[in-house]
Amino acid sequence: MRFDAVMPTVFRHWDNLYCQFRSGTLDREMWGICERTLTRWLAQESWANWFLDNADSCSDSLRALLRERLAGRDTAGWG
């Protein structure tokens with residue numbers, strides 16, 4: 001399966017989890033696990049680039065969170 005075919009579904013999943021956390025449905029501990037995982041994946045150039053190129057497919061709140069996570073990150077080793 002192509003990377004670009006899977007990524008919208010992946011980010012919609014994270015959008016849903018973040019929405020659940022913000023509404024109180026998903027508890028803080030579980031969101032912490034999800035957020036650490038997402039942050040670790042965003043450390044990969046391919047994930048970060050996909051998000052930056054397609055951020056408009058995410059909610060405003062998730063976009064703000066992910067842009068905050070990406071800000072100031074060392075990208076010197078990226079191609």
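In this predicted model, helix 3 (residues 45-54) and helix 4 pack with their axes 11 Å apart and at an angle of about 135 degrees. Helix 3 and helix 4 are therefore oblique to each other, and the crossing in which helix 3 passes helix 4 is left-handed. On the side of helix 3 the meeting residues are Ala 48, Phe 51 and Leu 52, and on the side of helix 4 they are Arg 63, Leu 66, Arg 67 and Leu 70. Sorted by class, the residues of this contact of helix 3 with helix 4 comprise five nonpolar, no polar and two charged ones.

**The chain as a whole**

The chain holds four helices and zero strands, so that, because helices are numbered from the N terminus, the order of its elements reads α-α-α-α from that end on. Of the 79 residues of the chain, 35% count as buried. Among the contacts between residues at least 6 apart in sequence, 65% join residues that are at least 24 apart.

| Helix | Partner | Angle | Axes |
|---|---|---|---|
| Helix 1 (residues 3-23) | Helix 4 | about 100 degrees | 9 Å apart |
| Helix 2 (residues 28-42) | Helix 4 | roughly 60 degrees | within 10 Å |
| Helix 3 (residues 45-54) | Helix 4 | about 135 degrees | 11 Å apart |

Helix 1 and helix 4 pack at an angle of about 100 degrees, which makes helix 1 roughly perpendicular to helix 4. Helix 1 contributes Phe 11, Trp 14, Asp 15, Tyr 18 and Arg 22 to this contact, while helix 4 contributes Ser 61, Leu 62, Leu 65 and Leu 66. By class, the residues of the contact of helix 1 with helix 4 divide into six nonpolar, one polar and two charged.

For helix 2 and helix 4, whose axes cross at roughly 60 degrees, the angle makes helix 2 oblique to helix 4, and the crossing of these two helices is right-handed. Here the contact is formed by Trp 31, Glu 35, Leu 38, Thr 39 and Leu 42 from helix 2, together with Leu 62, Leu 65, Leu 66, Arg 69 and Leu 70 from helix 4. The residues in this contact of helix 2 with helix 4 fall into seven nonpolar, one polar and two charged.

When neighbours within four places in sequence are left aside, Glu 35 is in contact with Leu 65 and Arg 69. The C-alpha atoms of Glu 35 and Arg 69 are 9.9 Å apart in space, whereas the two residues are 34 residues apart in sequence.

Arg 63 lies in helix 4, which spans residues 60-70, and with a relative accessibility of 17% Arg 63 counts as buried. A polar atom of the Arg 63 side chain lies 2.5 Å from the backbone oxygen of Cys 58. Which residues does Arg 63 touch, not counting residues up to four places away in sequence? The residues touched by Arg 63 are Phe 51, Ala 55, Asp 56 and Cys 58. Among these, Phe 51 belongs to the helix 3 side of the contact with helix 4, in which Arg 63 also takes part.

Key
Residues numbered from 1 in each chain as written. Predicted model: local features only at pLDDT ≥ 70, side-chain atom pairs only at ≥ 80, totals over all residues. Heavy atoms only, no water. Buried < 20%, exposed > 50% of the residue type's maximum accessible area, 1.4 Å probe, protein only. Polar contact = N/O pair within 3.5 Å; in protein donor to acceptor, adjacent residues only side chain to side chain. Contact = heavy atoms within 4.5 Å. Axes fitted to C-alpha atoms, helices over the stretch in contact; angles between N-to-C directions. Parallel < 35°, antiparallel > 145°, perpendicular 65-115°, else oblique. Left-handed = near helix turned anticlockwise from the far one by under 90°. Nonpolar A, V, L, I, M, F, W, Y, C, P; charged D, E, K, R; others polar.
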